[in-house]
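Look over the sequence and the model before reading on.

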Amino acid sequence: MGLWGKRDDMVVHEREPFNAEPLRGALAGRQETPVDTFYSRNHGPIPAIDPAAWRLRVGGLVARVLELSLKDLRARFDQVEVVATLQCAGNRRAGLAAVRDIPGEDPWGPGATSTARWSGVRLADVLAAAGLRAQATHIAFAAPDVSHLADPPQPYGGSIPTTKAQGPEVLLAWAMNGRPLPPVHGGPLRAVVPGWIGARSVKWLTSVTAQTQPSDNYFQATAYRILPAEADPDHAGPGDGISLGPIALNCDILSPDDGAHLSPGPAEITGYALAGDDRSVARVDVSLDEGLSWRQAELDRPDSPWTWQLWHITLDLPVGETQVIARAWDCTGAVMPESPAHLWNPKGYANNSWARARVTCR
Ligand SMILES: Nc1nc2c(c(=O)[nH]1)N[C@H]1C(S)=C(S)[C@@H](COP(=O)(O)O)O[C@H]1N2
Ligand SMILES: [Mo]
């Protein structure tokens with residue numbers, strides 16, 4: 001076993017803070033990702049929290065402030081389960097870094113995306129119990145992990161609009177795939193915000209605050225924003241660029257692996273596609289000729305509206321080197337753009353250009 005209970009073939013971008021993603025092959029063909037395979041993205045040290053002593057404070061624009069233990073959460077609210085995919089906004093950053101350098105950010109591949117069965121309570125139910133006031137337009141999450149990547153160093157936090165927070169899919173979760181949430185994934189309790197960038201699913205949650213503005217936390221106000229290409233990220237200030245919320249339509253090839261050697265002839269090509277928030281994946285196309293012609297892949301039925309959809313197709317691979325290309329369409333008719341060159345942004349977020357895998361057949 002590797003660090004933090006992960007498989008030892010994870011791609012570890014950093015040990016401290018711990019940042020690791022599974023290889024494509026480890027994600028392939030499974031609707032739900034085992035906990036030891038699920039990517040982990042951290043901006044500071046992973047805190048050790050005593051679940052018995054831990055409390056969640058619900059405050060701000062509410063009629064009554066709540067202080068809830070795990071026992072209180074279990075006793076007072078309906079327990080629900082949601083299968084949901086988390087995806088980091090930095091997923092596939094390596095493809096952007098290949099266009100132009102992105103200093104200070106990890107070169108994530110396609111594996112900063114994983115799916116789990118989360119159990120807990122609905123955030124909406126907890127907010128209702130606190131008596132959420134009508135003026136509250138944002139729900140902010142706070143955690144104890146202090147990040148030195150923030151300027152100035154500060155605990156991790158973020159927020160989502162109240163309209164999203166009241167969706168039945170948004171959870172305060174204490175379990176993942178039926179087991180208590182491990183420390184590396186935010187135990188004892190985390191937010192799970194399906195369809196939104198992973199950054200909003202705040203781990204080690206200690207407070208939920210109803211307010212009239214988005215969180216002023218560094219990771220909401222300054223990071224996780226698409227800055228204009230010419231901006232210097234070291235001088236970006238609060239509110240600069242486009243704040244990321246709903247996940248952008250994306251897909252990737254999980255098998256065969258990029259760089260694989262195969263025999264020529266029929267080969268099964270598989271991958272995932274994810275539309276983000278309230279959109280759904282409408283189609284995945286695969287091309288072997290740089291997008292001159294496309295074949296439609298078969299889409300598996302997702303376990304819930306909040307997960308990726310796995311897809312597969314069998315194509316005849318010729319002798320020699322072939323670029324396998326995949327692109328997804330969503331239910332609005334939007335399609336993934338061809339080139340990462342046009343998407344490049346200084347922090348390297350939201351690369352949803354065509355997915356490519358190079359294979360050699362001999
Ligand atoms: N407290 C806290 N919550 C956090 C983070 C963090 O560093 N600290 N990272 C966020 C980011 S950017 C992502 S993509 C997800 C990753 O969740 P995971 O590590 O369970 O995969 O957690 C989010 N929640
Ligand atoms: Mo992330």
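Ligand 1 is surrounded by 19 residues, the closest being Y39, D145, H185, R190 and K203. Note that this is a predicted model. The protein covers ligand 1 completely: 100% of the 530 Å² of accessible area that the ligand has on its own.

**Ligand site**

- The space taken by ligand 1 is the largest cavity.
- The shell around ligand 1 holds nine nonpolar, six polar and four charged residues.
- Two strands, β3 (40-41) and β8 (138-147), each contribute at least two residues to that shell.

**Backbone contacts to ligand 1**

- Y39 places a polar backbone atom 2.7 Å from an oxygen atom of ligand 1.
- R41 has a backbone N or O atom 3.0 Å from an oxygen atom of the ligand.

**Largest pocket**

- The largest pocket contains about 660 Å³ of space.
- Its lining consists of 33 residues.
- Nearest the centre of this pocket are E105, L149, Y218, D234 and K347.
- Sorted by class, the lining has 17 nonpolar, 12 charged and four polar residues.
- Helix α6 (residues 218-221) gives the most to the lining, supplying three residues.

**Cis peptide bonds**

- Most peptide bonds are trans.
- The bond from G187 to P188 is cis, with omega near 10°.
- P188 sits in the loop between β11 (179-180) and β12 (190-192).
- S255 and P256 are also joined by a cis peptide bond, with omega about 0°.
- P256 belongs to the loop between β16 (250-255) and β17 (260-262).

**Positive phi**

- Most residues other than glycine have a negative phi.
- N177 is not a glycine, yet its phi is positive, at about 50°.
- N177 lies in the loop between β10 (171-176) and β11.

**Points to check in the viewer**

- Which strands each supply at least two residues of the shell around ligand 1? They are β3 and β8.
- Which helix gives the most to the lining of the largest pocket? It is α6.
- Where does N177 lie? Look in the loop between β10 and β11.

Technical notes:
Residues are numbered from 1 along each chain as its sequence is written. Chains are lettered from A and ligands numbered from 1 in the order in which they are written. This is a predicted model: local features need pLDDT of at least 70, side-chain atom pairs count only at pLDDT 80 or more; totals for chains, interfaces and linings use all residues. Side-chain values use heavy atoms; hydrogens and water are left out. A residue is near a molecule or strand if one of its heavy atoms lies within 4 Å of it. A polar contact is a pair of N or O atoms within 3.5 Å; within protein, one must be able to donate a hydrogen and the other to accept it, and residues adjacent in sequence count only if both atoms are side-chain atoms. Accessible areas come from the Shrake-Rupley method with a 1.4 Å probe; for residues, only the protein chains shown count as cover. On a 1 Å grid over the protein atoms alone, a cavity is a set of points where a 1.4 Å probe fits but cannot get out, and a pocket is an open set with protein on both sides within 12 Å along at least five of seven lines; lining residues have an atom within 4 Å of a point. A molecule sits in a cavity or pocket if more than half of its atoms lie within 2 Å of its grid points. Helices (H or I, at least four residues) and strands (E, at least two) are DSSP runs, numbered from the N terminus. Ala, Val, Leu, Ile, Met, Phe, Trp, Tyr, Cys and Pro count as nonpolar, Asp, Glu, Lys and Arg as charged, and the others, Gly among them, as polar. Grid points are joined across faces, edges and corners, and a volume is the space filled by probe spheres set on the points.
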